[in-house]
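Subject: Structure for your review

Hello,

The structure is below, with the sequence. My notes on helix packing and the ligand follow.

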Amino acid sequence: MPTNEASRLVPDDGNVMKVLLTGATGYIGSAVSDHLAAAGHQVVGLTRGGEPHPSWHARLIGDTAEPASLAGVVTPDIEGVIHLAPPSGDVDVDTAAIEALAAPLRGTGRPFVYTSGVWVLGATGEAQEVDEESPTDPIGIVGYRPRIEQRVLAETAEGVRAVVVRPGIVYGRGGGIPAILVDRARSQGVPEYFGEEGVRWPTVHVDDLAELFVAAVERAGAGTVWHGVGESATPVRDLARAAGRAAGVLAAPHVLSVERTAEEFGPLFADALALDQSVSGAAARAALGWQPAGPGAVAELVSGSYRPVEVFGAPEGPETDAEVAAIRRLVAEIEHAQQNELVDRFLSVFRREDPVWTTGHGKRLSGFEEIAAFTHKVLPGAMAESTAVYDVERVLFLRPDVAAVNVRQQPVRHDGSRIADQPEGRPFYVLVKEDGAWRVGAAQNTVAVD
Ligand SMILES: NC(=O)c1ccc[n+]([C@@H]2O[C@H](COP(=O)([O-])OP(=O)(O)OC[C@H]3O[C@@H](n4cnc5c(N)ncnc54)[C@H](OP(=O)(O)O)[C@@H]3O)[C@@H](O)[C@H]2O)c1
């Protein structure tokens with residue numbers, strides 16, 4: 001089995017590389033393009049005819065299902081290849097594509113990074129997190145992929161720095177398989193998940209995964225395999241409930257049997273959706289210095305890219321996105337603290353200096369001490385019967401460091417279902433950014449009567 005010992009790593013000498021990327025227009029490929037470019041590398045994107053990504057240095061046309069079309073794409077100036085294009089379904093075709101892409105690198109020690117996936121591990125059972133040393137046991141949809149992995153790793157003997165990355169279920173940027181959960185919740189009117197109640201997916205944020213590809217092409221050792229997993233075993237029931245939030249569907253998640261899932265998605269994908277796995281991404285953290293930082297999959301679904309908010313008063317761009325994300329995290333903290341009756345965490349969202357809060361019942365609280373006294377009195381025990389969810393709907397930047405935020409508050413049961421006969425609230429927050437953190441300066445909650 002390949003190992004991931006730090007001693008086998010190639011030193012990071014800070015060299016900028018020209019990297020050929022297949023699958024470069026895709027969901028993961030777009031993020032990898034961004035992160036490679038941000039790290040200073042030149043991306044040569046291979047596509048069957050898609051538009052070039054803004055971060056590419058150059059575009060090449062090729063079709064990995066037609067390996068003959070790949071002849072000559074890996075020119076002598078290509079210093080590394082990341083192969084992200086999906087399998088064709090034919091082991092011989094995929095092997096020929098690997099051959100065409102890897103052969104020009106032989107004897108150079110240059111990296112060839114192949115993208116597999118955690119589904120090659122099969123169901124991991126109740127055991128602890130499975131690592132890269134575990135044997136493969138692929139489910140049908142990836143039946144021959146371990147053989148392709150071995151074919152890639154065999155290039156090590158030919159003087160190629162051959163590396164395999166196995167991503168978990170990728171989320172973020174509003175896409176990936178979790179987007180299917182959001183669409184299903186919307187179309188079915190109830191959040192759904194698949195197979196059995198306890199199913200868990202290893203998950204990874206697409207931007208974290210992209211960082212792992214950068215680390216792999218820069219410095220992973222020859223013959224190594226890495227699990228691209230941020231959270232080892234995310235309960236899919238929780239993902240489904242969060243997907244319901246993203247879809248605006250507040251209901252307890254419903255589990256669809258494998259048989260019914262197969263009718264909807266086909267038997268091969270149904271088995272994948274119902275696969276229960278717990279997979280460790282610790283090796284890449286320890287040996288490659290990979291630091292997944294993105295929000296968890298549930299948080300991303302509830303208050304991230306799957307549910308955009310209206311933003312006014314600030315230019316479009318990554319800086320505004322980052323501020324809006326920070327504001328949404330603050331509102332998520334309000335929800336979490338309230339749902340779990342955490343008085344101190346609830347109070348920590350308020351500014352210390354002269355905050356004001358008018359409650360949904362019209363009680364006006366002035367100053368931190370008054371708000372603290374009120375919270376200590378009313379929050380403990382308040383969530384025994386039911387709770388509420390808070391969704392940011394609109395952010396108006398009055399100044400770069402002052403934001404007016406419209407929130408939708410809906411009463412829910414503890415299973416996440418909407419309590420139909422209780423009215424919504426319309427919290428309105430004036431937030432202030434001080435010392436790098438957003439805090440509530442003023443808040444008013446109003447019951448929505450229609
Ligand atoms: N998404 C996940 O959760 C996940 C998890 C584990 C592993 N993976 C693996 O990661 C890889 C990328 O996944 P993804 O989700 O980013 O897929 P994707 O969004 O479907 O993107 C794949 C890209 O590959 C290109 N492509 C497709 N067929 C091709 C062909 N015959 N020749 C050349 N290019 C082709 C397409 O670009 P053009 O149309 O421009 O040619 C497409 O944009 C796949 O191997 C997948 O199995 C994905």
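For the helix pairs below, an axis is a line fitted to the C-alpha atoms of the stretch in contact, and the angle between two axes, from 0 to 180 degrees, is taken between N-to-C directions. Please keep in mind that this is a predicted model.

Helices α1 and α5

Helix α1 covers residues 27-38 and helix α5 covers residues 206-219; they pack at an angle of about 60 degrees, and their axes are 8 Å apart. The two helices are therefore oblique to each other. The crossing of α1 past α5 is right-handed. On the α1 side, the contact is made by Tyr27, Ile28, Ala31, Val32, His35 and Leu36. On the α5 side, Val206, Asp207, Leu209, Ala210, Glu211, Phe213, Val214 and Val217 take part. Sorted by class, this contact of α1 with α5 holds eleven nonpolar residues, one polar residue and two charged residues.

Helices α4 and α6

Helix α4 (residues 177-188) packs with helix α6 (residues 236-247) at about 65 degrees, with the axes 8 Å apart. The crossing of α4 past α6 is again listed as right-handed. Leu181, Val182, Ala185 and Arg186 make the contact from α4, and Leu239, Ala240, Ala243, Gly244, Ala246 and Ala247 make it from α6. Eight of the residues in the contact of α4 with α6 are nonpolar, one is polar and one is charged.

Helices α2 and α3

Helix α2 (residues 91-102) and helix α3 (residues 145-153) have an angle of about 20 degrees between them, and their axes lie 10 Å apart. Angles under 35 degrees count as roughly parallel, so α2 is roughly parallel to α3. The two helices cross in a right-handed sense. From α2, the residues Val91, Asp94, Thr95, Ile98 and Glu99 meet Arg147, Ile148, Arg151 and Val152 of α3. The classes in the contact of α2 with α3 are four nonpolar, one polar and four charged residues.

The ligand

The ligand is surrounded by 23 residues, and the closest are Thr25, Thr47, Arg48, Asp63 and Thr64. A polar backbone atom of Ile28 is 2.9 Å from an oxygen atom of the ligand, and a polar backbone atom of Val170 is 3.0 Å from an oxygen atom of the ligand. Ile28 is also one of the α1 residues in the contact with α5.

Regards

Technical notes:
Residues numbered from 1 in each chain as written. Predicted model: local features only at pLDDT ≥ 70, side-chain atom pairs only at ≥ 80, totals over all residues. Heavy atoms only, no water. Helix = DSSP H or I, 4+ residues; strand = E, 2+ residues; numbered from the N terminus. Parallel < 35°, antiparallel > 145°, perpendicular 65-115°, else oblique. Left-handed = near helix turned anticlockwise from the far one by under 90°. Contact = heavy atoms within 4.5 Å. Nonpolar A, V, L, I, M, F, W, Y, C, P; charged D, E, K, R; others polar. Near = heavy atom within 4 Å. Polar contact = N/O pair within 3.5 Å; in protein donor to acceptor, adjacent residues only side chain to side chain.
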